[in-house]
Amino acid sequence: MDRPVALVVALARERRPLQRRLAAARQGRAGDFRVVVGELAGRAVVLIPAGLGRDRARRALLAASHQFSFRAAWSLGFAGGLTETLCVGDVVCPAAVLLDDGRTGQSFGVAPAQAAVRAALAAAGIRIHDGPLLTVDDPLRTPEVKRAAHRRTGAVAVDMEAAGVAEAARDLGIPWLAIKAVVDAAGEALPEFLAGCTTAQGELRWRGLLSNLGSARRRRTLWRLHRASRQAAQGLQRAVDVAFAAWSP
C-alpha cells in the first residue's frame, strides 16, 4: 500500500458522504478511534472520524500514525461563517489556521500545495474563500460572538478541529491542509440545545434529538440545520473530489 493521506473529520454527517466515495473501503481501529481504509481518486487514504474538538482530532491522527505512515493530513468537515460574505455551502480553503488564544490566535500555515487546490476549486466553479480559519474550544453560538471573533482575529470561518490536525501533522513532519464547508452563516445562531444532540464521537444522539421535537420552534431549527448540513455535505464532497484530483504532494 502506498503511503496514505489521512482524512480527518469530526461528525458522522461529514464522514458518510466521504466514506461512500472510497473504493475498496474496509473498517478498522487505531487505538480508541475507528478508521476507514480505502482509495480516493486512485490514492490510498485513511478516513479518521475523530469526533468533536481539537484534542480528539490531534489524538486521532497521532494514534493512526502508529499504524500508517501518512503522506499528508487533510482536515475536512463543516465550519461556521464569521463574515457576511460566506453563505451556507460555501467552501473555505484557508491559507492559515488560527488556534484561538483569546486575542489573535497561534497561526499554522498550510502546505504550499493548497494554492494549487484553491486554483482547481475556483476553476471548477466552486465558491471558495481563502481567509484564515479559526479553531475554538467551544462553539460560537450567536451572531454577535461570531462577528467579534472575526474582528479580533481576521478569520472568515470557525471550526473546532483543524488546529488539532495541524498540531499533529507538525509533530509528524507531514504537510497538511484544510477544506471546510459552511453550515451556519455569520448571522445565524446555534441554539444551546444542539449540544445534547451529538456525542463526543460525532454521532447523532437520538435521545437528545427526539427530546427536542416537542417544540415547534426547535423542530423548525432542526429542519433548517438539517437542510444546511445536507447542502454543506454536498459542497464538501464536490470540493474534496476536485481537490484530491488536483493535489500533488
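Predicted model: local features only at pLDDT ≥ 70, side-chain atom pairs only at ≥ 80, totals over all residues.

Colleague: How many helices and strands does the secondary structure of the chain hold?

Modeller: Helices (H or I, at least four residues) and strands (E, at least two) are DSSP runs, numbered from the N terminus. In this chain there are 7 helices and 12 strands.

Colleague: What percentage of the residues in the chain is buried?

Modeller: A residue is buried under 20% relative accessible area, exposed over 50%, and partly exposed in between (1.4 Å probe, protein chains only). Of the 249 residues in the chain, 55% are buried. The accessible surface, from the Shrake-Rupley method with a 1.4 Å probe, where for residues only the protein chains shown count as cover, comes to about 11000 Å². Carbon and sulfur atoms hold 51% of that surface.

Colleague: Which residues touch the most other members of the largest nonpolar core?

Modeller: A nonpolar core is a set of buried Ala, Val, Leu, Ile, Met, Phe, Trp, Tyr and Cys residues joined through side-chain atoms within 4.5 Å. The largest core has 37 residues, and Ile48, Leu61, Phe70, Ala73 and Trp176 touch the most other members. Elements that give two or more residues to this core include strand E1 (5-9), helix H2 (54-65), strand E5 (72-81) and helix H5 (162-172). With 6 residues, H5 gives the most to this core. Another core lies apart from it, with 35 residues, among them Trp74, Ala181, Ala228 and Ala239.

Colleague: With which residues is Leu61 in contact, leaving aside its neighbours within four places in sequence?

Modeller: Contact means heavy atoms within 4.5 Å. The partners of Leu61, apart from those neighbours within four places in sequence, include Ala6, Val8, Ile48 and Phe70, and also Val165, Ala168, Ala169 and Leu172. For the chain as a whole, residues 24 or more positions apart account for 76% of the contacts with a separation of 6 or more.

Colleague: Why is H5 described as largely enclosed by the rest of the structure?

Modeller: The general idea concerns helix geometry: an α-helix has 3.6 residues a turn, so residues three or four places apart point the same way. H5 is largely enclosed by the rest of the structure because 8 of its 11 residues are buried. Among the buried residues of H5 are Ala162, Gly164, Val165 and Glu167. Gly173, which follows H5, has a positive phi near 70 degrees.

Colleague: How many bridges join E2 to E3?

Modeller: Two strands pair if DSSP finds at least two bridges between them. E2 and E3 run antiparallel and are joined by 6 bridges, and Ala23 has Glu39 in E3 as its bridge partner. The two strands form a hairpin with 2 residues between them, and Gly31 in the turn has a positive phi of about 65 degrees.

Colleague: Where is Ala24, and is Ala24 buried or exposed?

Modeller: Ala24 is in strand E2 (residues 23-30). Ala24 is exposed, at 63% relative accessibility. Its phi is near 55 degrees, a positive value in a residue other than glycine. Ala41, in the loop between E3 and E4, has a positive phi near 50 degrees and is exposed at 57%.

Colleague: Why is the pair of Trp74 and Phe244 edge-to-face?

Modeller: A pair of aromatic rings is described by the distance of the centres and the angle of the planes. Rings of Phe, Tyr and Trp (its six-membered ring) pair if their centres lie within 6.5 Å; planes under 30 degrees apart count as stacked, over 60 as edge-to-face and the rest as tilted. The structure holds 4 aromatic pairs. The rings of Trp74 and Phe244 have centres 5.0 Å apart and planes at 65 degrees, so the pair is edge-to-face. This pair links distant parts of the chain, with Trp74 in strand E5 and Phe244 in helix H7, 170 residues apart. Trp74 is buried at 0%, and Phe244 is buried at 1%. Ring pairs link Trp74, Phe244 and Trp247 into a cluster.

Key. Residues numbered from 1 in each chain as written. Heavy atoms only, no water.
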